[in-house]
2 protein chains.
Amino acid sequence: MAFTTTKTIASFGGKLFKLTHQSTSTGTPMAVNLYLPPTALHPTNPRKVPLLIYLSGLTCTPDNCSEKGFLQHRASALGLAILYPDTSPRHTSATTLPGEDDAYDFGSGAGFYLDAIQPPWAGEAGGGGGGYRMESYVTRELPSLLFSSSNECEYSRYLAGPDSVSITGHSMGGHGALTLYLRHPGLYRSVSAFAPIANPSRCPWGRKAFEGYLGAEGEGKEDGEDGWKRHDATELVRGWKKGEDLKALVDVGTGDDFYKQGQLLPENFERAAKETGVEGLTVRYQEGYDHSYYFMASFADEHVEHAAKHLGLL
Amino acid sequence: MAFTTTKTIASFGGKLFKLTHQSTSTGTPMAVNLYLPPTALHPTNPRKVPLLIYLSGLTCTPDNCSEKGFLQHRASALGLAILYPDTSPRHTSATTLPGEDDAYDFGSGAGFYLDAIQPPWAGEAGGGGGGYRMESYVTRELPSLLFSSSNECEYSRYLAGPDSVSITGHSMGGHGALTLYLRHPGLYRSVSAFAPIANPSRCPWGRKAFEGYLGAEGEGKEDGEDGWKRHDATELVRGWKKGEDLKALVDVGTGDDFYKQGQLLPENFERAAKETGVEGLTVRYQEGYDHSYYFMASFADEHVEHAAKHLGLL
């Protein structure tokens, strides 16, 4: 089987499956949670459901948002599956990389949803180390496993398929959602983000991560595939077609300390979209909300509805 | 001021206030969370709102359910405040009682919502120790502070008052909700419980707690105020008037390991109510649900609605 199911938890009328599998992208075991709504699991009249991928923020595992984000509440009612991937490889003590567990904002729990090219994070041929390839993991490996037409994945039969997927995320996961959406046109039906790191090239979190995973800024490769600009939502949105609907919803709390410290920079993203003539971007500044799951949970229903609308459920 | 506000968190359109205060019931500082819905905080047209008290289960602090219970979601829409008391005194290291922190199911985090009479849990005159008086704390001290007509409590003006209160709780807190409701007729408008310890005299958790806080079973005092029967919902409901509406909703998950182990015994409570001719008790066995906040959150909307109905909001 593609996945080992370690736990099945009843939630909002559906079921949350805690899964593990050996990832070829990262070369490590990976944990991922999958929520299936009651419509998918109906004993006599099941319906194949679209999927919303939720990318978590720094330090989080698949469990945090499954417990505290409340996406399941509205997803249950609308008939939407949710996939919660992990935020990085998690090496065992025997194969831990130097510095991997030293900081909350780099290494484990902080994969930034890109494929690292710098040693040791890029990994070795044969999976001997590294494996910080979270972009390949999220955009290719997980869908190929989940939507496998063979019987390899027992959950495939509940899902509508690769054409019925949207993406969302929080903080570093908001960066992930926006960049993977913009880098892979057509892969997702819509995007949303809670307090995303929207211009990582220009904020401390992003600069530290990009330098570590991609190498120093500049060096004449900014426009190459692995340049910083190719992993920065504010730069990527400039490549979006003028007048084309971005189908994007972004919420940011005005009481968010990381917003106030300039880690998120949603205004830069908004401005770049506006200058490019992009349509269909809604950025809302929510009065007094912080960066926590209290914030995320408060707007979870609406982000699920945003995805559901573009997935044909509303 | 009655309370010190240590943090204010925006949540579902309202605000969650993290409070601390020096309790006369326990002789210790106590933490408590208060959620106010947007109707109460409306800048020009505020409305005084009724209150739902939520009692937490073993090991929990006021924060667990505030983050994971999802009560705020529906309370926000219906205009209901929620109070999250702690589960026991929390002594500082200088005044910790012998054995207080040794077990998850006795001592700190496990006050069982009764007033202990056994040393050292009963405390000393002058507050020199003990202070496991969570019944007095929840039923008398907290309301007297919250509904103070003086200006002592800055939150009084948002609340409808002591006649507009309902109670709910989870596990040990479900025991607390049921017993405080049954012991204090008229104090609460309705009661509900998630996976309550419904017959503590007959289960390991309850017997350990009662023996420690109240003394050994028997000794000729079962019918006295401090006897076990006076703190056991299944015994207390036998004193309810035949035909009178209990206004009680109880949910239990059929996949709950503690239910299966006989820690909850909701059937005993149901049977006692039926034998007594009590009306208005709904006990629902929810297929496959466990004991966790995943379970609680899944039915939080409905428990808030149950309280709201009896508080005149629906």
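Modeller: Helices (H or I, at least four residues) and strands (E, at least two) are DSSP runs, numbered from the N terminus. The model is predicted, so local features need pLDDT of at least 70 and side-chain atom pairs count only at pLDDT 80 or more, while totals for chains, interfaces and linings use all residues. Residues are numbered from 1 along each chain as its sequence is written, chains are lettered from A and ligands numbered from 1 in the order in which they are written, and side-chain values use heavy atoms, with hydrogens and water left out.

Biologist: At what angle do helix α3 and helix α10 of chain B pack?

Modeller: An axis is a line fitted to C-alpha atoms, for helices over the stretch in contact, and the angle runs from 0 to 180 degrees between N-to-C directions. In chain B, α3 (residues 71-78) and α10 (residues 293-310) pack at about 30 degrees, with their axes 7 Å apart. Angles under 35 degrees count as roughly parallel, and α3(B) and α10(B) are therefore roughly parallel to each other. In chain A, the axes of α3 (residues 71-78) and α10 (residues 293-310) come within 7 Å and cross at roughly 30 degrees, so α3(A) and α10(A) are likewise roughly parallel.

Biologist: Which residues of α3(B) meet which residues of α10(B)?

Modeller: Contact means heavy atoms within 4.5 Å. From α3(B) come B:L71, B:H73, B:R74, B:A75 and B:L78, and these meet B:M296, B:A300, B:D301, B:V304, B:E305 and B:A308 in α10(B). Sorted by class (Ala, Val, Leu, Ile, Met, Phe, Trp, Tyr, Cys and Pro nonpolar; Asp, Glu, Lys and Arg charged; the others, Gly among them, polar), this contact has 7 nonpolar, 1 polar and 3 charged residues.

Biologist: Which residues does the UniProt annotation "active site" cover, and why can they be said to gather at one spot?

Modeller: UniProt positions are given in the numbering used here, with shortened feature names, and annotations may be inferred rather than shown by experiment. The unreviewed UniProt entry places its "active site" annotation on A:S171, A:D256 and A:H291. These residues span 121 residues in sequence, yet no two of their C-alpha atoms are more than 10.9 Å apart, so they gather at one spot. Of these, A:D256 lies in the loop between β8 (245-253) and α8 (257-260) of chain A.

Biologist: With which residues is B:D115 in contact, once its neighbours within four places in sequence are left aside?

Modeller: B:D115, which lies in the loop between β5 (81-85) and α4 (134-146) of chain B, is in contact with B:Y132, B:R133, B:M134, B:E135, B:S136 and B:L214 when those neighbours are left aside. B:L214 is 99 residues from B:D115 in sequence, and their C-alpha atoms are 8.3 Å apart in space.

Conventions:
Angles under 35 degrees count as roughly parallel, over 145 as roughly antiparallel, 65 to 115 as roughly perpendicular and the rest as oblique.
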